[in-house]
Amino acid sequence: MTNNLIVKGLKKTYANGVQALDGVNLEVSSGLYGLLGPNGAGKSTLMRTLATLQQPDSGSITLDGIDILIDPDKLRQQLGYLPQQIGAYPGVSAQSLMERFAWLKGRTDKVQRQHEINQLLEQVNLSDAAHRAVSEYSGGMLRRFGIALSLIGSPRLLIVDEPTAGLDPSERNKFHRVLADVATEAVVLLSTHIVEDVENLCSELSILTDGRIVASGSPSQLIEPLHGCLWSSVIPRDEEPPVDALRILAHPNGLRVIVQSKEKPKGDYVVHQPSLEDAYHIALKTSSKESNL
């Protein structure tokens, strides 16, 4: 059976009046799918809703025909969820925590349970640290332990929320490899504000801001319309950047300014090759203009 996640018209407004989700629509099949957006865009609300941790005000969520809102327990049996923060009791080892989670996921056969735990700890390169207290783990080790926990029971839907925040490049690469392996057989939703994570891993993505999906497609589909429309120039640090600058980046000789224009702007501008980062900022900028109309 094809592993499809379908989200239609999802809305959520909190008691303080903040509208976190405003009619979100998604259709995701097996593989890595990126959900990209700034902090406060509604990504965590969407992830928590998909993980059955909270109810939306309206809309529907189905996974292979299973209505998640009506039958959340059925989803939980095949769900893996890695939130932004992972806590652990002082002195409790990774091995012990894995045992408890595996039991809760229905792994009641001791031999089967131990085999799965050993495999997962090896997959995330934590076999040698299995008997250490999780509370003593480094940030990178803790994130890798979190993915091992979320993979217990071979989930068909894996949700990871800001998984590489705070990791060094080496740890990020290790984490990326684990996610890529898992995505061969499951839907993996990668929620992040780090464009590079999505660009390196995901064949499809959506950009979310103010609780709305403002762009969707593959990285190449989002980048293609920008060819020949972006220009860059390096200006002195004390010079005022153009008011319509798309991005302003640090540069050894001042500031590197990127602008969007169908024609070459006046001044010392050269063609800028577009990236997903540029497409992301344009989507956010366009959405902001539309919301102010």
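## Cores, a helix pair and one tyrosine

In this predicted model, the largest nonpolar core holds 54 residues, of which Met98, Phe145, Ile147, Leu179 and Ile207 touch the most other members.

**Exercise 1.** Describe how helix H3 (residues 94–104) and helix H5 (residues 139–150) are arranged.

*Solution.* Begin with the axes, which come within 10 Å and cross at roughly 25°. Because angles under 35 degrees count as roughly parallel, H3 is roughly parallel to H5. The crossing of the two helices is right-handed. Next, consider the residues that meet: Ala94, Leu97, Met98 and Phe101 come from H3, while Phe145, Ala148 and Leu149 come from H5. Sorted by class, this contact has seven nonpolar residues, with no polar and no charged ones.

**Exercise 2.** Locate Tyr269 and decide whether Tyr269 is buried or exposed.

*Solution.* Tyr269 lies in the loop between strand S13 (254–260) and strand S14 (270–271). Its relative accessibility is 12%, and since buried means under 20%, Tyr269 counts as buried. Apart from neighbours within four places in sequence, Tyr269 is in contact with Trp231, Ser232, Ser233, Pro242, Val257, Val259 and Lys264.

Methods: Residues numbered from 1 in each chain as written. Predicted model: local features only at pLDDT ≥ 70, side-chain atom pairs only at ≥ 80, totals over all residues. Heavy atoms only, no water. Helix = DSSP H or I, 4+ residues; strand = E, 2+ residues; numbered from the N terminus. Buried < 20%, exposed > 50% of the residue type's maximum accessible area, 1.4 Å probe, protein only. Contact = heavy atoms within 4.5 Å. Axes fitted to C-alpha atoms, helices over the stretch in contact; angles between N-to-C directions. Parallel < 35°, antiparallel > 145°, perpendicular 65-115°, else oblique. Left-handed = near helix turned anticlockwise from the far one by under 90°. Nonpolar A, V, L, I, M, F, W, Y, C, P; charged D, E, K, R; others polar. Core = buried A, V, L, I, M, F, W, Y, C linked by side-chain atoms within 4.5 Å.
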